[in-house]
Amino acid sequence: MAQVPFIIHEQQFNRLKSVIGRLCVECAARAVFLVDRDGQTIAVHGDIGDMDTTSFASLAAGNVAATHSMAKLIGENTFPSVVHEGERDSIFISVIGRSLLVVVFDERSTLGLVKIRAKKASHEVARILDDAADDSKAFSIAQDSVFADISDDDIDSLFA
Amino acid sequence: MTFINYASREINCKIVYYGPGLCGKTTNLQHIYDSTAQEAKGKLISLATETDRTLFFDFMPLELGTVRGFKTRFHLYTVPGQVYYDASRKLILKGVDGVVFVADSQEERMDANVESLYNLEENLSSQGYDLMKLPYVLQLNKRDLPNVIPMEDLTYELQKKGEPVIEAVASTGTGVFDTLKGVAKQVLTELRKS
């Protein structure tokens, strides 16, 4: 494997949920997502209805990856945030290291409010994700019997 | 990068289908999508041009089942095959856990296969990956067409490291799940070594 897996433990997950839950309330957002830059959803809070959150996360990551490359082409290092404004709903994406904080909001909020609150929350999110990254490096999942004991039969059974 | 969430007990992995233009990468995903139970899959997202050529990527989440109490989720991506979309291909390889190279078996596409495989190695390398160390499967697609190169010759030309080589006709589904199984098995086996 090229890189060690990124592991989120229960306590870190709950801390992240709490931060994005608070952000969602503070900026009157419809929903807040925390997404890995590779497109994996880490945590979600808010009114997601029947939204396809998996696809949403993947497209948000693709969007930021493309924007980041466009920044490089015009001589910018990166665009730390991306905004999409719609008629009713809008999206604000803030890049935090290798993760993205994505806020979906409507006319009950404003871009200014979202930016201010998201900035504050992003510091907390960055701290928790740094902890998780350090733990991931130090933690050998091979020592965890759950993974060390995965047998060929276990894997074959997925395709039975 | 495999993402493991102990709170929700999920393992998330990213598989990328690579290969030259029109080799059948999207057709592989389309067949998996059409043949999978509704509850095991999300939407198939296709960022395509007006002529249905992949512009940025196709994406499909697939839940394979549970291993040792952890749900296994595979995010399947294709890249655009056309040479000039190289910037997009690089982006999609970020965080990859396993690669499927879909080769077009037709004689006249051999140069395109070789060029695309070289491009894969280069783009992986630019992202800090080594193809020789990644879970990897070579699929020889379009085996039903009349002008195909014999399997032994294609394998000799394109096999990089003794990876599984699977004959396929993606349009009918032949070999599609064997290919997915081949790469998924390697990705999960890697978890034992992390």
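Colleague: What is the strand order in the open sheet of chain A?

Modeller: This is a predicted model, to begin with. The open sheet in chain A has five strands in the order β3-β2-β6-β5-β4, and the pairing is antiparallel.

Colleague: Which are the edge strands?

Modeller: β3(A), residues 41-46, and β4(A), residues 81-85; each pairs on one side only. From one strand to the next, the twist averages 10 degrees.

Colleague: How many bridges join β4(A) to β5(A)?

Modeller: Five, with β5(A) covering residues 90-96 and the two strands running antiparallel.

Colleague: What does chain A look like as a whole, in helices and strands?

Modeller: Five helices and six strands. Along the sequence the pattern is β-α-β-β-α-β-β-β-α-α-α. The C-alpha trace spans about 50 × 40 × 35 Å along its principal axes.

Colleague: And what share of its residues is buried?

Modeller: 37% of the 160 residues in chain A. As for contacts in chain A with a separation of 6 or more, 53% are between residues 24 or more positions apart.

Colleague: Switching to chain B. How many helices and strands there?

Modeller: Five helices and eight strands in chain B. Starting at the N terminus, the elements go β-β-α-β-β-β-α-β-α-β-α-β-α.

Colleague: Why does the radius of gyration of chain B agree with a compact globule?

Modeller: Because a compact globule of 194 residues would have a radius of gyration near 16 Å, and chain B has 16 Å. The box filled by its C-alpha atoms is roughly 50 × 35 × 30 Å along the principal axes.

Colleague: What about burial in chain B?

Modeller: 50% of the 194 residues count as buried. Taking contacts in chain B between residues at least 6 apart in sequence, 69% join residues at least 24 apart.

Colleague: I was looking at β7(B). Are its faces covered or open?

Modeller: Both are covered. On one side B:Y136, B:L138 and B:L140 are buried, and on the other B:V137, B:Q139 and B:N141 are buried.

Colleague: Which strands pair with it?

Modeller: β6(B), residues 98-104, is joined to β7(B) by six bridges and runs parallel to it. Within that pairing, B:V100 has B:V137 as its bridge partner. β8(B), residues 165-167, also pairs with β7(B) in the parallel sense, over three bridges. There, B:L138 is partnered by B:V165.

Colleague: Remind me what holds such strands together?

Modeller: In general, strands of a sheet pair through backbone hydrogen bonds, in either the parallel or the antiparallel sense.

Colleague: Back to β7(B): which β-α-β units is it part of?

Modeller: One right-handed unit is made by β6(B), helix α3(B) with residues 110-126, and β7(B). Another right-handed unit is made by β7(B), helix α4(B) with residues 151-158, and β8(B).

Colleague: Last topic, the contact between the chains. How many residues does it take from each?

Modeller: 41 from chain B and 37 from chain A. On the chain B side, the elements giving two or more residues are β1 (3-5), β2 (10-18), β4 (54-67), β5 (70-78), α2 (86-92) and α5 (176-191).

Colleague: Which element gives the most?

Modeller: β4(B), with seven residues on the side of chain B that touches chain A. By type, the residues on that side divide into 20 nonpolar, 11 polar and 10 charged.

Colleague: How do β1(A) and β1(B) run, parallel or antiparallel?

Modeller: Parallel, with three bridges joining β1(A), residues 6-8, to β1(B). One of the pairs is A:I7 with B:I4 as its bridge partner.

Methods
Residues are numbered from 1 along each chain as its sequence is written. Chains are lettered from A and ligands numbered from 1 in the order in which they are written. This is a predicted model: local features need pLDDT of at least 70, side-chain atom pairs count only at pLDDT 80 or more; totals for chains, interfaces and linings use all residues. Two residues are in contact if their C-beta atoms, placed from the backbone, lie within 7 Å. Helices (H or I, at least four residues) and strands (E, at least two) are DSSP runs, numbered from the N terminus. Ala, Val, Leu, Ile, Met, Phe, Trp, Tyr, Cys and Pro count as nonpolar, Asp, Glu, Lys and Arg as charged, and the others, Gly among them, as polar. Two strands pair if DSSP finds at least two bridges between them. A residue is buried if 20 or more other C-beta atoms lie within 10 Å of its own, exposed if 12 or fewer, and partly exposed in between; C-beta atoms are placed from the backbone. A crossover is right-handed if, with the strands pointing away from the viewer, the path from the first strand over the helix to the second runs clockwise. The radius of gyration is taken over C-alpha atoms; the globule rule is 2.2 Å times the number of residues to the power 0.38. Axes are lines fitted to C-alpha atoms, for helices over the stretch in contact, and angles run from 0 to 180 degrees between N-to-C directions.
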